[in-house]
Amino acid sequence: MVLKHIRRARNKIAFIVRKIFKKRKDIKIGLYGPVNSGKTTLANRICLDWLGEEMGKISVIPHETREIQMKEKVTIKSNGKSLTFNLVDTPGIATKIDFEEFLKYGMKRKDAKTRAREATKGVIEAIKWLDKMDMVLVVLDSTKDPLDQVNITILGNLDARNIPFIIVANKVDLKTSKASRVREAFPNYEVIGISAKTGFNIEELYNALFRKL
Amino acid sequence: MGFKIKLVPYEKFKADGVKSFMKDLKEDTIILIDAKLSPEEEADIIEKTMKKVSEKFTGIELNSLDLSKQKDVVGRLKNLIIKVVTGKNQGLTIIGPAKIVRKIERNPKELLVYI
């Protein structure tokens, strides 16, 4: 109990110190979320919009992103203001990884096992990198149940570490999307519905970044 | 498929961490902890169990029930006292091996475990 309070206080102090001493160009914005929620698609959208190039490969097979990827010096502009940050795309957080799941996508057994091994390392890395973030975009698939435990754990950890975040309800272009369900699930947090794939409402997300940082 | 259920007191988890039930999880045992874990504790469990993922152990399903969120003042005060005295959040956490537990669904006041 006491240790927990000390840890939280330490995190708070560390966050404030980071904010004071960190140069603006060193700001790290992380993309976090469950597997296949569209984190890399959003990273690609941001990089295409502002750098003219994509950041990473996307796939329907889960755990395509298995390593932390960072694009440095991304500068976005809005209403005469500009914001420069390092964009960090992280592997999807999961509590279970079964190599047999990958076989369903036609992968060879050996490749599936390698992918599973790399994916577990990716999850561990993503959790470890959380403390390095100045801000996080929590990317959720708006066609799925927002109250999944992985989502709750990510949001709880950001809250406990005092890291500002925005919930991105992604895939609103799909017929089964229910961004309203995400808003109802997290009424105390800022939720922005977008389609990283089509770019729908992405301007609203950029404006939110300026408000948060 | 057979499985067991084991209650791990929060005090034991607090002292030994994931070690207090890792072996049980690998042996198809569902773990119940008599408290709602903190987000940091949950992240630690995910991290530590991910390190143990193999062909036989594919990870976990995890969910918690938070019984500390009371709307009335008396209830909140009671929970605060319990937390100060025992050091734990009132609630329940279920951690199951993913090979056995397909899903743990949480309604506001109950947890549903799908085997």
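Trainee: At what angle do helix α4 (residues 109-129) of chain A and helix α3 (residues 39-51) of chain B pack?

Mentor: In this predicted model, local features need pLDDT of at least 70 and side-chain atom pairs pLDDT 80 or more, while totals for chains, interfaces and linings use all residues. Residues are numbered from 1 along each chain as written, chains are lettered from A and ligands numbered from 1 in written order, and side-chain values use heavy atoms, without hydrogens or water. Helices are DSSP runs (H or I, at least four residues; strands are E, at least two), and angles run from 0 to 180 degrees between N-to-C directions of axes fitted to C-alpha atoms, for helices over the stretch in contact. The axes of α4(A) and α3(B) lie 9 Å apart, at an angle of about 150°.

Trainee: Why is α4(A) roughly antiparallel to α3(B)?

Mentor: Angles under 35 degrees count as roughly parallel, 65 to 115 as roughly perpendicular, over 145 as roughly antiparallel and the rest as oblique. α4(A) is therefore roughly antiparallel to α3(B), because their angle is about 150°.

Trainee: Which residue is the bridge partner of Val74(A) in β3(A)?

Mentor: Strands β2 (residues 69-78) and β3 (residues 81-89) of chain A pair in the antiparallel sense over eight bridges, where pairing takes at least two DSSP bridges. They form a hairpin with two residues between them, and Asn79(A) in the turn has a positive phi of about 50°. In β3(A), Val74(A) is partnered by Phe85(A).

Trainee: Which residues of α7(A) does α2(A) meet?

Mentor: The axes of α2 (residues 39-50) and α7 (residues 202-212) of chain A come within 12 Å and cross at roughly 85°, so α2(A) is roughly perpendicular to α7(A). Contact means heavy atoms within 4.5 Å. Leu42(A), Arg45(A), Ile46(A), Asp49(A) and Trp50(A) of α2(A) meet Ile202(A), Leu205(A) and Tyr206(A).
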